[in-house]
Amino acid sequence: MTVLITAGDPQGIGPEITVKAIKKLSKKERKRIVVIGDKNVLIKAGWTYSLSGIISVSSPYRNDDKSSAYISFKSVEIASKLIERGWANALVTAPVSKEKWLRNGIKYNGHTDYFRKRFGKEALMCFKKDRVIAGLVSE
């Protein structure tokens with residue numbers, strides 16, 4: 001099973017918590033992980049090639065705000081396409097800035113809104129710890 005992790009907003013806590021979470025996994029578990037995000041930001045957060053696979057996303061924009069929104073959105077979009085094509089079995093998303101997305105012309109109010117519109121179904125955010133799985137029913 002391949003698990004994709006989008007690293008979230010490059011200017012936020014996403015890259016840092018992504019790297020910290022991956023470091024807690026065993027080597028066997030890390031072999032199943034592919035991170036999608038800004039490689040340079042992830043390296044600054046402590047990511048290395050020995051931790052996981054990576055799909056690096058860069059931005060054509062010079063403006064930090066627009067660039068950050070673009071990278072976080074494109075990461076989610078790429079992950080969705082890979083899931084649709086059967087390349088991966090699961091997706092974990094780090095935080096994005098909904099405000100940045102909207103301010104920079106990305107017409108979705110975050111992950112949940114994007115998934116709902118892309119797949120035509122309600123998305124359910126879940127949290128799992130050991131044998132407990134909890135679903136978040138608000139946005």
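**Exercise 1. Salt bridges around arginine 116**

Determine which side chains meet that of arginine 116 in salt bridges, and state the N to O distances.

*Solution.* Step 1. The side chain of arginine 116 meets that of glutamate 122 in a salt bridge, at 3.1 Å from N to O. The term denotes a side-chain nitrogen of Lys or Arg within 4 Å of a carboxyl oxygen of Asp or Glu. The model is a predicted one, in which local features need pLDDT of at least 70 and side-chain atom pairs count only at pLDDT 80 or more, while totals for chains, interfaces and linings use all residues. Residues are numbered from 1 along each chain as its sequence is written, and side-chain values use heavy atoms, with hydrogens and water left out.

Step 1. Arginine 116 also forms a salt bridge with aspartate 113, at 3.3 Å from N to O. Both residues lie in helix α6, 3 residues apart, or about one turn of the helix. Helices (H or I, at least four residues) and strands (E, at least two) are DSSP runs numbered from the N terminus.

Step 2. Glutamate 122 counts as exposed because its relative accessibility is 61%. Aspartate 113, with a relative accessible area of 8%, is therefore buried.

Step 3. A network of salt bridges links Asp113, Arg116, Lys117 and Glu122. The count of salt bridges comes to 8.

**Exercise 2. Aromatic pairs of tyrosine 114**

Describe the geometry of the aromatic pairs that tyrosine 114 forms with phenylalanine 73 and with phenylalanine 115.

*Solution.* Step 1. A pair of aromatic rings is described by the distance of the centres and the angle of the planes. Rings of Phe, Tyr and Trp (its six-membered ring) pair if their centres lie within 6.5 Å; planes under 30 degrees apart count as stacked, over 60 as edge-to-face and the rest as tilted. By this rule there are 8 aromatic pairs.

Step 1. Phenylalanine 73 and tyrosine 114 are 5.6 Å apart, centre to centre, with 90 degrees between the planes, an edge-to-face pair. This pair links distant parts of the chain: phenylalanine 73 is in helix α4 (residues 64-84) and tyrosine 114 in helix α6 (residues 111-119), 41 residues apart.

Step 2. Phenylalanine 73 is buried because its relative accessible area is 11%; tyrosine 114 is buried at 2%.

Step 3. The ring centres of tyrosine 114 and phenylalanine 115 lie 5.7 Å apart and their planes stand at 65 degrees, so this pair is edge-to-face. Both of these residues are buried.

Step 4. Ring pairs join Phe73, Trp101, Tyr108, Tyr114, Phe115 and Phe119 into a cluster.

**Exercise 3. The surroundings of aspartate 9**

Step 1. Leaving aside neighbours within four places in sequence, serine 72 is in contact with Gly8, Asp9, Pro10, Val96 and Trp101.

Step 2. Aspartate 9 and lysine 98 are 89 residues apart in sequence, and their C-alpha atoms are 9.7 Å apart in space.

**Exercise 4. The backbone of aspartate 130**

State the phi angle of aspartate 130 and the element in which this residue lies.

*Solution.* Step 1. Aspartate 130 has a positive phi of about 55 degrees, although it is not a glycine.

Step 1. Aspartate 130 lies in the loop between β5 (125-129) and β6, and its relative accessible area of 59% makes it exposed.

Conventions
Buried < 20%, exposed > 50% of the residue type's maximum accessible area, 1.4 Å probe, protein only. Contact = heavy atoms within 4.5 Å.
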